[in-house]
Amino acid sequence: MTTTATNMQKTDRKSIYPSLINAMTSRRSDEALNDFQRDFNNRVMGLFADGRSTNLEQFKTDTDNFLRALKTEFIRGENGSKRYVTLKRLMKILTESPQSINELLPHSTITVFVKITNFNLTIDITLIEELVKTVIHAEETYIKLLPYSENSTEISSYSLQDFVAAHYVPQMVEEPERADYYSAYAVGIIFFLLDARRRENIYLKDLLSSTLLMHLESCINAENNCLEMPEIDVFTVGQFRATLYEFRCLDTDRNGVLSPAEMTFFRDGYFNAMFLQRIFDISMIYDRCLDFKAFVDLMAAIKFRHTRASAKYHFEALDFKNDGILDEDEIRTAAQVVPEYAPNEDSVHIDIVTAELKDMLRLKKTGLTLEEFIDNRMSSTFTGFLSNYSDFMKYERREQ
């Protein structure tokens, strides 16, 4: 490498957050996004309150009337395409709205929307529309999930697979070749991103507040109608087919699992052999082989490297001593294999690579704990550099 790792472009760790339109994403500050997530999650928690009684159809009517009132008096943005409601106008409408609408827009949420909009103490009406859509989706999905839930608060991976097979696969114009595998694939992605890789159950509140099922619906709708793919496009039939095809190509024995020998074909020219060897150590596997679920975990860890779940996955793989600490010796051990998947890089020297990777993480003498690694803004860059050749080359070219 030609310059220090500290000069690399830093990337923020992204989480799966309540779904608002992509156009608004760039206007969010981390603080505003965190506040919005907190407010939205509180709303979802309200679904599980004891004795709660909600008339969903009445709520839809209330929101329709509320949104209609917003659009009767608004101001346009500089380019004329965006509509904004002033705080004074919004407060007047809220005083005339039912309690359900006031619960939807508490003062904290209004404050966050003003921060996101950042236009003369107004709120982009699209933000409120998307909030309404997301909350209604959570309410409707909760009702659909209940028959599949074991205890009204949790759902198992197998029950969620049944739910996906019953409610989402039939919506697809192009049904997957193996609907059972698609359901397992979609649920595997969901469990991974919800940080539940080794758990059999997840909380319904976590599933609903993640809005991953909304992203699943968006992918199906986009494919059915030839629309632009959403930001999280992993649930498409195309992405599933590519993953299943990769799995089947590697499965030369045609026994439905991947052995270490078969994974060498996945490794050659692309992935750090020692990293892939560790995948077998950290995965829930049968007879030292990776099943399709474990393979999906690996694919999710690679695709969503900026998430907390992926950071945990990579930390576990690189923690060769299994002591919960990532230290210099382990970094050096992983770096030993870098020349094997980057053989044409004359600049790859183990001591230099180790020193710069330590600098990248600002590694302490005592090493890094899991939580410190997750919180480190450079951890996704670090894991990408060590795990595969394509990311290694991206970072090399960026520095040049």
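## A friendly look at a predicted fold

Asp-327 caps the N-terminal end of helix H16, with one of its side-chain oxygens 3.2 Å from the backbone nitrogen of Asp-329. This is a predicted model, in which local features need pLDDT of at least 70 and side-chain atom pairs count only at pLDDT 80 or more, while totals for chains, interfaces and linings use all residues. Residues are numbered from 1 along each chain as its sequence is written, and side-chain values use heavy atoms, with hydrogens and water left out.

**The whole protein.** The secondary structure comes to 21 helices and seven strands; these are DSSP runs numbered from the N terminus, with at least four residues (H or I) for a helix and at least two (E) for a strand. Of the 400 residues, 50% count as buried. Buried means under 20% relative accessible area, exposed means over 50%, and partly exposed lies in between (1.4 Å probe, protein chains only). Among contacts (heavy atoms within 4.5 Å) between residues at least 6 apart in sequence, 66% join residues at least 24 apart.

**Two helices with a buried side.** Helix H16 spans residues 328–335, and its buried residues are Glu-330, Ile-331, Ala-334 and Ala-335. Seen down the axis, they fall within an arc of 135°, so they line one face of H16. The arc is taken from the directions that run from the helix axis to the C-beta atoms. Helix H3 (residues 87–95) has Arg-89, Leu-90, Ile-93 and Leu-94 buried. These cover an arc of only 135° around the axis, which puts them on the same side of H3. The face turned away from that buried side carries the exposed residues Lys-88 and Thr-95. What do the buried residues of H3 pack against? Their partners include helix H2 (56–70), strand E2 (83–86) and helix H5 (107–117).

**Rings that meet.** A pair of aromatic rings is described by the distance of the centres and the angle of the planes. Here, rings of Phe, Tyr and Trp (its six-membered ring) pair if their centres lie within 6.5 Å; planes under 30 degrees apart count as stacked, over 60 as edge-to-face and the rest as tilted. By this rule the count comes to twelve aromatic pairs, and two of them are set out below.

| Pair | Centre to centre | Angle of planes | Type |
|---|---|---|---|
| Phe-163 and Tyr-168 | 5.6 Å | 75° | edge-to-face |
| Tyr-185 and Phe-240 | 5.4 Å | 55° | tilted |

Tyr-185 lies in helix H8 (residues 179–193) and Phe-240 in helix H11 (residues 237–250), so their pair ties together parts that are 55 residues apart in sequence. Tyr-185 is buried, with a relative accessible area of 2%, and Phe-240 counts as buried at 1%. Both Phe-163 and Tyr-168 are buried too. Ring pairs also link Tyr-181, Phe-247, Phe-292 and Phe-295 into a cluster.

**A polar contact.** Ser-387 is found in helix H20 (residues 379–387) and counts as buried at 1% relative accessibility. Its side chain makes a polar contact with the side chain of Arg-305 (3.3 Å). A polar contact is a pair of N or O atoms within 3.5 Å; within protein, one must be able to donate a hydrogen and the other to accept it, and residues adjacent in sequence count only if both atoms are side-chain atoms.

**Confidence.** The mean pLDDT, the predictor's confidence in each residue from 0 to 100, is 84 for the protein, and 84% of its residues reach 70 or more. Over residues 1–15, pLDDT stays under 50. Where pLDDT is low, the predicted coordinates should not be read in detail.
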